[in-house]
Amino acid sequence: MGQNVIMVTQTPGHGYRRIGDAVAGAPEGALIVVAPGRYSENIVLSKPVTITAEEGIGTVTILTGSGVAVSAATSSAALSGISVVSTDKDNPAVFVAQGQLSLTECALEGSGWSSVFASGEGQILMRGCEIRNGAGAGVVVTAADGGVLESCRFNDLGTSAVVVADDGALMMRSCTVDKAAGNGICLNGRGALTVEDTTITGTGKPAVAVEQQAAMKAKRLSVSSGDGIGFYLASTGSVHLDDCSVEHVGAEGIFVAEGCKPELRGCRVRATGFRGVHFAARSGGKMTNCEVADVDGIGVQVTERSTPEFDQLSVAGSKRSGIRVSEAADPFFRRLRVLGSDGAGIEVDEGGRGTMENVEIEGGEVGLRVLGGSRLTANGLSVRNTRASGVEVVDAALALADSAITGSGGDGIQAGAGANLSVLRCRVHDSGGMGCQFAEGASGSVTESEFSGGKADGIRLETKEAVRVSSCTVRDNHGSGVRQTRPGTAIEVLDLITSGNLRPDAFGTSASAEAAGPGAATAPARPKSAGDPLEELQALVGLDGVKREVTSLINLNKMAKRRQDAGLSAPPMARHLVFAGAPGTGKTTVARLYGQVLAQLGVLREGHLVEVARADLVAQIIGGTAIKTTEAFTTALGGVLFIDEAYTLSSGSGGNGPDFGREAIDTLVKLMEDHRDDVVVIAAGYSNEMAKFLESNPGMESRFSRTIEFANYTADELVTIVRTQCAKHDYRLDEEAADSLLGYFEAIPKDGTFGNGRTARRVFERMTDRQASRLAEAPEVTAADLTLLTADDLEPGAR
């Protein structure tokens, strides 16, 4: 045997008896060959050597009950075919603090917080290894050049399989993770991971978690059969997913939050328990050529002012809506396909915004539904074969252009109460109801569009609000081409081409519901108009102090109006307001109702609410901010301009620098003075920050002379909000679940991440998701079961 080959054997007289002794006695570069056996010792690799099993994989085991089993303290060393087992609960089995340790076809099992740990200047090169740890993690890396994991297998981990933290960096290729109680991959701090051709199955927490400032590049990373989220992306660092997939996980397939802006290309999400993809908490980024299918909940949801872009996204088979946009989110969709949703194909609600281009919707209850003060622009929309309406707009604004709606079970386009609908160059064919219906309280325009082959009227106008129908064609409908049910001058019908309709047209100042004579087709039941906003304000959960303040303001405005009507001077009033408090405390809702009350009193012309944030007022170029702010302000004339997180204008947040925000403030101050009798401006945000905001301009504090504080909801009030959501959606909450919720809401931290009413609504949504999963496995389900939410439907942390 060569001079640099050293034998270790438990047979006396044939070499070293202990591996550590062989390392101590070996020259640098030596090959240490170890005979089969179990070696109970702690080995310090103090010089460059290679240790290999004489008879191959699994025949040599290094075992320790205390301390690190194998530690590296040299420039380079290697283990091949060796099993390392540690039963120490406080130390890793393998520790590399400096130099490079190569582990080839080794089995590594720890019992502490990690099986393998690389820190400082250490580096691990692991190929074909198997890693286990029933108590902790598999591999933890905090070293800046942490090394490579290739073709490694992670099994039965007590926490996470791979953790990269602090300033650690790691490359991972062709690995598998199976059964980790924590994450498959966990990145935090400023950790960086590049991962390719890897699969993760059976994790208890998010299979992949990227947080804080961590960065990840992943190609062909597959996640399946986990209890939690597939990919949890909440990092301000760079995150790229290429050709990655998620299927059969218990929660969201991909959840993006905390301002994260990932780039997702060619990714696939299938058969998830909650949403397929969820962008929340001001996240952004871009999804390109991705697919979402067979999701138990919503296919793709965008909430909380998130602004992602989607290009060539396909969503199919969602049990609820295919796409849902809410809470002032403002996404952009291009080349979107939504197929076979059980709910709406696309739903925009709760102040959602967005732009859509070249969108295809097939099937579903409603193709496109826009509600709750939302604003949407859609160009090139194709809706086919929906069970109810093709497009539905209620209490929201929709600009629809160059679109086609075919084969809808109800109205092709339905504008309900409070809708502002613009239809340009659209074609609606073969509708089960009206081609286009403007219900009571709706307004808008229909231009250069065609409505044909419908089962009722081509265009039906039931509103007293302004509607302009211009250069349209209505033909071959079973009712009238155009029918106006109420006489009045607010409706204009110009340059109409009408032919082949079964009943005569009826529009103009003398038009009425009876103009068509007996037997005329009747429209489907229209949505009820909005109730008394003051009653709605008083019906809100909690907010007693806010209600008193707002009622006082309303009474003051009433008296001012009466004094003016009597020829007396009006008393001084705080027209512009500051709403101070944490998110989710009802500030936007109260602002909307306040505007409606002032409109009823005649103080405001319209009373509508225009909600803006810093991005809506501040431009990217010098001089652009004044133009952008003026445009936003002008849209609010006659109503309420609601500036959310107004303090960001004075703090310079948002990436555009403080001068641009101050330019918006200066412009607002001047506009508020110029139009002081035609608008109410409400600035909203956290209490402390809003105090600083008022100090940012000499004229700001004098114009916002009254601040209304919105306190956090109490635990009892949060439970009441959940009960309200239950009643609104035909559910019941049993008392055991209510008691558990009360304890959960009392214990939940009321920090900057607490969402108040939003938290309660999210709890309700998750309860309905879990109930659906629970009942799907039941052999028999009654009607009462379908409406009852129990403690079993709460997430484990809320029980």
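Predicted model: local features only at pLDDT ≥ 70, side-chain atom pairs only at ≥ 80, totals over all residues.

I began with spacing: the centres of domain 2 and domain 3, taken over C-alpha atoms, are separated by 35 Å. The assignment for the protein chain reads domain 1 (1-159), domain 2 (388-507), domain 3 (533-650 + 660-710) and domain 4 (715-793). These bounds come from an automatic or database domain assignment.

Residues are numbered from 1 along each chain as its sequence is written, and side-chain values use heavy atoms, with hydrogens and water left out.

**Helix 11 and helix 12**

Next I turned to helix packing (helices are DSSP runs of H or I, at least four residues, and strands are runs of E, at least two, numbered from the N terminus). Helix 11 packs on helix 12 (residues 735-747) at an angle of about 135°, and their axes are 8 Å apart. Axes here are lines fitted to C-alpha atoms, for helices over the stretch in contact, with angles from 0 to 180 degrees between N-to-C directions. The two helices are therefore oblique to each other (under 35 degrees is roughly parallel, over 145 roughly antiparallel, 65 to 115 roughly perpendicular, the rest oblique).

Which residues make the contact? From helix 11 I listed A715, D716, L718, V719, V722 and R723, and from helix 12 E735, A738, L741, L742, F745 and E746 (contact means heavy atoms within 4.5 Å). By class, I have eight nonpolar, no polar and four charged residues (Ala, Val, Leu, Ile, Met, Phe, Trp, Tyr, Cys and Pro are nonpolar; Asp, Glu, Lys and Arg charged; the others, Gly among them, polar).

**Helix 11 and helix 13**

The axes of helix 11 (residues 715-728) and helix 13 (residues 757-776) come within 9 Å and cross at roughly 50°, which makes helix 11 oblique to helix 13. Their crossing is right-handed. L718, I721, V722, Q725 and C726 of helix 11 touch G757, A760, R761 and F764 of helix 13. I sorted this contact into six nonpolar, two polar and one charged residues.

**Helix 12 and helix 13**

Helix 12 and helix 13 pack at about 140°, with axes 13 Å apart, so helix 12 is oblique to helix 13. Helix 12 passes helix 13 in a right-handed crossing. A737, L741, Y744 and F745 in helix 12 meet T759, A760, V763 and M767 in helix 13. This contact divides into seven nonpolar, one polar and no charged residues.

Notes:
Left-handed = near helix turned anticlockwise from the far one by under 90°.
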